[in-house]
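This briefing is intended for reading alongside the sequence and the coordinates. The points are grouped by topic.

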Amino acid sequence: MHDLRMIREHIELLRDGMRRRGKLDALAPIIDRAQAVDSERRGLIQAIEERKAARNSMSQEVARRKRSGESVDELPSQSRTLGEEISHLEAELATLEAELQRAMLEIPNITLPDVPEGGEECNRQIRSWGTPRDTAGLKPHWDIGVSLGLIDFERGAKISGSGFIVFRGKGARLVRGLMNFMLDLHTAEHGYEEVWVPVVVNRASMTGTSQLPKFEDDMYAIRDDDLFLIPTAEVPVTNLFAGEILSASDLPRAMTAYTPCFRREAGAHGKDTRGLIRVHEFDKVELVRYATPESSADELELLTLQAEKVLQLLGLPYRVVLLAAGDTGFASAKTYDLEVFAPGAGVWLEVSSCSVFTDFQARRANIRYRPAEGGKPRFVHTLNGSGVAFPRVIAAIVEHYQNADGTVDVPDVLRPYLGTDRLD
RNA sequence: GGAGAGAUGGCCGAGAGGCUGAAGGCACCGGUUUGCUAAACCGGCAUACGUGGAAACGCGUAUCGAGGGUUCGAAUCCCUCUCUCUCCGCCA
């Protein structure tokens, strides 16, 4: 969420931000409405506070007179009249505040200056690593995974539905190995604190990281209890310090968590649905950082390199793509996607999305820190990135390391975790 | 699920209708003193919104878990909810 000052003092900046996302036409009416409601709201606040000030001084006068034994005359009834006016005005104010809040929650973050304007077609490849295998004669992971008994799509569909995966035998061991490998890397080499968090969260947490109110349809909900299954560990981990004031020495703070992630993928049916590419429940190790506003842009580079390290150690060729403004997520100010090449299916697969959210999430979740020099608390900047998502990495491993005889070599770095050097 | 107790500033903790934005302590910041570290002493130290100001800062309003109510006036009384603790029941 933006600072209200953005609406009052920098509305051109806000409009330009929406234009760069290609969303100005859709959002201009909302911005204008927010501006109008805000100014109406401020008038009301003044009217209410004047009356409250008058009422407070009357109450004090009552107290004073009672102490000295004087008559309080008409003061109580005057005060009661004021109270009634205040109630009416406050009801009006509540309506306005709700409308303003609704509007503000619908305005996406402004991207950083170095993010290219335009839509998906303006995404820019920043760098790449490794050499993709020649795709000729290679099989897709859904064939290899089934024939080696690593993945059981049919039974996943039977017990839960399409898009729910059962891993078996060495396939299951591979999932567990990836989890341990990634957590070990990020804690031992990259300095992250390992956290284990609930995968069911409340509405406040979902709103804090911006999944709500816009994307409620994309989530699995437990309606009886108003709880939601997380679409990413970003939600519980970023919200860990919601409502708190950290000290400057707490920053930067880096946390990593393994969780399953749940996505309804409503409306995505039929696209990329083959195999492990788009599923309803998947596993992921997530990286979350809190940074100061001064360092957050640099920390995005650091975070991205840490996610890349996973792919390098796994020996999987990948490319880093800077998303254009129109393709950048709602709350994000800048995002790099990491895409690995799956030579069997012949596609690049997004396995990580690394973003800096500036103070957009922190303002919603109210995560602040007190600067070292003292002074007022400031919102932290939040960042996160997958480090990395499992199913697509499994797809890439199986396809990249496949042998002519149908077996798959295990990447060196995973061998200690799997206790084998070959999937067969 | 049943019964009881509780929730006060960054932290601990007083307060039990008006003089309380809130005693006292700790932490933190500035200063004095001091071979160094420490201690002692003095002073400062909440947040948000509105408003005035170039700013320093001033004024107003709100905030004692959240929301409602009683009252001229609520941290304090009443109701609902959330969370924590104790006991009982159930349970991986």
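Which residues point one way from β12 and which the other way, and are they buried or exposed? Lys334, Tyr336, Leu338, Val340 and Ala342 point one way, Thr335, Asp337, Glu339 and Phe341 point the other way, and all are buried. The structure is a predicted model, with an ipTM of 0.85 and a pTM of 0.92. The average pLDDT of chain A is 92, and 98% of the residues score at least 70.

**Strand β12 and its partners**

- Strand β12 spans residues 334–342 and is mostly covered, nine of its nine residues being buried.
- Strand β11, residues 318–322, runs antiparallel to β12 and is joined to it by five bridges. Within this pairing, Val320 has Leu338 of β12 as its bridge partner; Leu338 belongs to the group that points one way together with Lys334, Tyr336, Val340 and Ala342.
- β12 also pairs with β13 in the antiparallel sense, over nine bridges. Here Glu339 has Glu350 of β13 as its bridge partner, and Glu339 itself is buried.
- A hairpin is formed by β12 and β13, with four residues between them. In the turn, Gly346 has a positive phi of about 70 degrees.

**Surface near RNA strand B**

- RNA strand B is surrounded by 22 residues, of which the closest are Ala53, Ser59, Ala63, Pro76 and Ser79.
- Two helices, α3 (24–68) and α4 (75–104), each supply at least two residues of the surface near RNA strand B.
- The most is given by α3, with 13 residues.
- Classified by residue type, this surface has nine nonpolar, six polar and seven charged residues.

**Backbone exceptions**

- Most residues other than glycine have a negative phi, and most peptide bonds are trans. The following items depart from one or the other of these patterns.
- The peptide bond from Leu212 to Pro213 is cis, with omega near 5 degrees. Pro213 lies in the loop between α8 (203–208) and β6 (221–222).
- Ser210 is found in the loop between α8 and β6, and has a positive phi of about 85 degrees although it is not a glycine. Ser210 counts as buried because it has 25 C-beta neighbours inside 10 Å, where the cut-off for burial is 20 or more.
- Leu251 and Pro252 are joined by a cis peptide bond, with omega about -5 degrees. Pro252 is placed in the loop between β8 (245–247) and β9 (253–262).
- Thr358, a residue other than glycine, has a positive phi near 45 degrees. Its position is the loop between β13 (347–356) and α11 (360–365). With 26 C-beta neighbours inside 10 Å, Thr358 is therefore counted as buried.

- Leu240 is found in the loop between α9 (234–238) and β8.
- Is Leu240 buried, exposed or partly exposed? Leu240 is partly exposed, because 17 other C-beta atoms lie within 10 Å, a count between the limits of 12 or fewer for exposed and 20 or more for buried.
- Leu240 and Ala365 are 125 residues apart along the chain, and their C-alpha atoms are separated by 9.6 Å.

Terms used:
Residues are numbered from 1 along each chain as its sequence is written. Chains are lettered from A and ligands numbered from 1 in the order in which they are written. This is a predicted model: local features need pLDDT of at least 70, side-chain atom pairs count only at pLDDT 80 or more; totals for chains, interfaces and linings use all residues. A residue is near a molecule or strand if its C-beta atom, placed from the backbone, lies within 6 Å of it. Ala, Val, Leu, Ile, Met, Phe, Trp, Tyr, Cys and Pro count as nonpolar, Asp, Glu, Lys and Arg as charged, and the others, Gly among them, as polar. Two strands pair if DSSP finds at least two bridges between them. pLDDT is the predictor's confidence in each residue, from 0 to 100.
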